[in-house]
Amino acid sequence: MLEDYILPPKNAQAPYLLPDTPLRNAPSVPHTAPLPLTFSSPIDPATAGAITVLGTQRQGRRATTATVAGRTVSLAVAGGFFAGEPVSVSVPATVRGTNGRAVQPQVLQFTTAATGPGRGTFTTGSSVPRNYGSGGEALADIDSDGDLDLLFPLGGSLGVSSNQVAVRLNDGQGTFSGSTAVRVGNGGGDWAVATADLDSDGDLDLLAAGGGSNAVSVRLNDGRGNFGGGSEVPVLVTAYSLATADLDSDGDLDLVVHTNSNGQTVASVRLNQGNGMFGGGSEVAVAGGTGALTLGDVDNDGDLDLLTTGFSSGYIYTCRNQGNGTFGPAAATLMPNNPAAVALADLDRDGDLDLLAGCAGSNTVETRLNNGQGQFAPTGASVSVGNYPEQLRLADLDSDGDLDLLTGNLQGGNVSVRFNTAGTFAGGSEVALGRTVHGLAIGDLDGDADVDFVAGVESASSLIRIAFNQ
């Protein structure tokens, strides 16, 4: 029987506090952020290099140097991270102890700290026209120049998709320009867009879902922001949202898409073969109609579980990972008033991930605490936000070391900001943007080491609004 090696903290969804040197996003100024992982027994130094660090905005798979001191492995990550960047660490079974035994595979997640001057007060800057369309914004440094670029579905006319994803490059100050568009899919309608290093070459590739087609389009990055090749990954039905994560603890990023068929939510899981090609996988069905999804280790067993929203049923559904990227039956947590968005964070600092849901029927974000085994309390705190919170994001907005709350409010036409104080959200402001808000993406747009955001807005025309943290 293989010995288990435990990696605390199992969940670091609260910001990982980096050394005193401020985060920098200029690739010519590398910043080393040592990540210490502590195991239950001494680790064989010859195997520690198998641990992978995967960023989501600055780069994908990161160059790391592993230094072993007994039970502790310290990972020096070249180049650092953006402020507020979600990062994952995969520890495969090829890592072994000095006794020759394999570790228990683990996937850890954390969000990098914000160290800049921003205090969660936002002013709007320039806008980016998007023709017709809604939602799907993504922020990533696709051309490896040290700033976050913008990708979004490029609408056609009268709601007809052009089957293209727009790419707009950042000048380093949060101004976006260009006219590049990447062809995706074959259907019509809106698209969900994401970026991830699918082929483990260190740059961020493009994924797009929706458009009336039963497939996710994968387009590979050449490292300079040019997308080509790739494939169409079949899924069960038209996908409304998507996420990537290492679901089988093998060091590459797998795919989950949220679909809807006859009023039933279905998550299509597709496993990466290590080169950006997807095969196998499964379908995970729960009741409740169209909603959203998130991934996190809610039961503290080292793999990432799946949570989906049941908008019409009034439940959040938790499907536990079996350790190999397959998921068990759904366990339901009552969440009335049309949960439209879901997120996870350690609100009470006890080492497990708690539940947050944006409820469109009550204009609130509801929180439920985890008992450490993936079971959520039947009641919890309620945070008032704007009208119809369809988008939910967590980031350290006021640079104080905890995760604050943003909601994109579909019918309110604004973004709600609420500050975290010991796991309780209050205060903040409403950032007025237009008539409706369809999408929301967060990141450091102007290189000042705090977290800004972009939002898809319908006003007199369809726009991407830029908001800077002051």
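A: Let's begin with a loop and work back to the strand. A422 lies in the loop between β31 (414–421) and β32 (424–432); strands here are DSSP runs of E with at least two residues, numbered from the N terminus. A422 has a positive phi near 55 degrees, although this residue is not a glycine. With a relative accessible area of 75%, A422 is exposed (exposed is over 50%, buried under 20%, partly exposed in between, using a 1.4 Å probe and protein chains only).

A word on the source: this is a predicted model, where local features need pLDDT of at least 70, side-chain atom pairs count only at pLDDT 80 or more, and totals for chains, interfaces and linings use all residues. Residues are numbered from 1 along each chain as its sequence is written, and side-chain values use heavy atoms, leaving out hydrogens and water. The chain averages a pLDDT of 87, pLDDT being the predictor's confidence in each residue from 0 to 100.

Now for the strand itself. β31 pairs with β30 in the antiparallel sense over five bridges; pairing requires that DSSP finds at least two bridges between two strands. N409 has N414 in β31 as its bridge partner. Four residues sit between the strands of this hairpin, where G413 takes a positive phi near 70 degrees. β30 also pairs with β29 (residues 389–395), antiparallel over six bridges, and D404 in β30 is the bridge partner of A395.

Six of the six residues of β30 (residues 404–409) are buried, so this strand is largely enclosed by the rest of the structure. In a regular strand the side chains alternate between the two faces of the sheet. Both faces of β30 are covered, with D404, L406 and G408 buried on one side and L405, T407 and N409 buried on the other.
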